Amino acid sequence: MAAAKPILYSAWISSCSFRVRIALNLKGVDYEYRAVTRTDPDYENINPIKYVPAFVDGDFVVSDSLAIILVRCSSVIFFIYRHLNSIDKLLAFCLVS
Ligand SMILES: N[C@@H](CCC(=O)N[C@@H](CS)C(=O)NCC(=O)O)C(=O)O
């Protein structure tokens, strides 16, 4: 079974979302685009402050554009993230490194 694609929650008007889409597309990341608005009640479960963008890859949620770009587009950080695939392990790694 193919792995589920990561999902980018985004809004066309959001400049923070533009830069993530540009970075993901330049990097050739295969992701699903989901347009959301601040009034979308389901989006609050993804990002309680309802800002866009948010990037969901399995259980891993990143809700800041620069963090998304760093996690998904920096080869070194992506390698670490893939091998320490939980936010707790990633934070622990960052704190001791
Ligand atoms: N530091 C966040 C900022 C996110 C942010 O401010 N997003 C704006 C759109 S660009 C937003 O959702 N604003 C909603 C609001 O201000 O109500 C990031 O870079 O992702």
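These questions and answers cover the fold, the ligand shell and selected residues of a predicted model.

User: In what order do the elements of the chain run from the N terminus on?
Analyst: The chain holds 5 helices and 4 strands. Read from the N terminus on, the order is β-α-β-α-β-β-α-α-α.

User: What share of contacts between residues at least 6 apart in sequence joins residues at least 24 apart?
Analyst: The chain has 97 residues, and 19% of them count as buried. For contacts between residues at least 6 apart in sequence, the share that joins residues at least 24 apart is 56%.

User: Which elements each supply at least two residues of the shell around the ligand?
Analyst: The residues around the ligand include Ser15, Cys16, Ser65 and Leu66. Helix α1 spans 15–27 and α3 spans 65–73. The elements that each supply at least two shell residues are α1 and α3.

User: How many residues of the shell around the ligand are charged?
Analyst: Arg38 and Asp64 are among the residues that surround the ligand. By class, the shell has 5 nonpolar and 3 polar residues. The charged residues number 2.

User: How far does α1 reach from its first C-alpha to its last?
Analyst: Helix α1 has 13 residues. At 1.5 Å a residue, a span of 18 Å is expected, and the model comes close to that. From first C-alpha to last, α1 reaches 18 Å.

User: Why do the buried residues of α1 lie on the same side?
Analyst: The buried residues of α1 are Ser17, Val20 and Leu24. An α-helix has 3.6 residues a turn, so residues three or four places apart point the same way.

User: What do the buried residues of α1 pack against?
Analyst: On the other side of α1, Ser15, Ile22, Asn25 and Leu26 are exposed. The buried residues, Ser17, Val20 and Leu24, pack against β1 and α3.

User: Which residue just after α1 takes a positive phi?
Analyst: The phi is about 75 degrees. The residue just after α1 is Gly28.

User: Is Asp30 buried or exposed?
Analyst: Asp30 sits in the loop between α1 and β2. Asp30 has 8 inside 10 Å, so Asp30 is exposed.

User: Is Val56 buried or exposed?
Analyst: Val56 is found in strand β3. Not counting residues up to four places away in sequence, Val56 touches Pro6, Ile7, Ile46 and Val61. The cut-off for burial is 20 or more other C-beta atoms within 10 Å. Val56 has 20, so Val56 is buried.

User: Which residues of β3 are buried on the side away from Ala54 and Val56?
Analyst: In a regular strand the side chains alternate between the two faces of the sheet. Both faces of β3 are covered, with Ala54 and Val56 buried on one side.

User: Which residue stands opposite Phe55?
Analyst: Strands β1 and β3 pair in the antiparallel sense over 3 bridges. Opposite Phe55 stands Leu8.

User: Which residue in β4 is the bridge partner of Asp57?
Analyst: Strands β3 and β4 also form an antiparallel pair, over 3 bridges. Their hairpin has 2 residues between the strands, and Gly58 there takes a positive phi near 65 degrees. In β4, Asp57 has as its bridge partner Phe60.

Terms used. Residues numbered from 1 in each chain as written. Predicted model: local features only at pLDDT ≥ 70, side-chain atom pairs only at ≥ 80, totals over all residues. Near = placed C-beta within 6 Å. Nonpolar A, V, L, I, M, F, W, Y, C, P; charged D, E, K, R; others polar. Expected span 1.5 Å × (residues − 1). Buried ≥ 20, exposed ≤ 12 C-beta atoms within 10 Å, placed from the backbone. Contact = placed C-beta atoms within 7 Å. Pairing = 2+ DSSP bridges.
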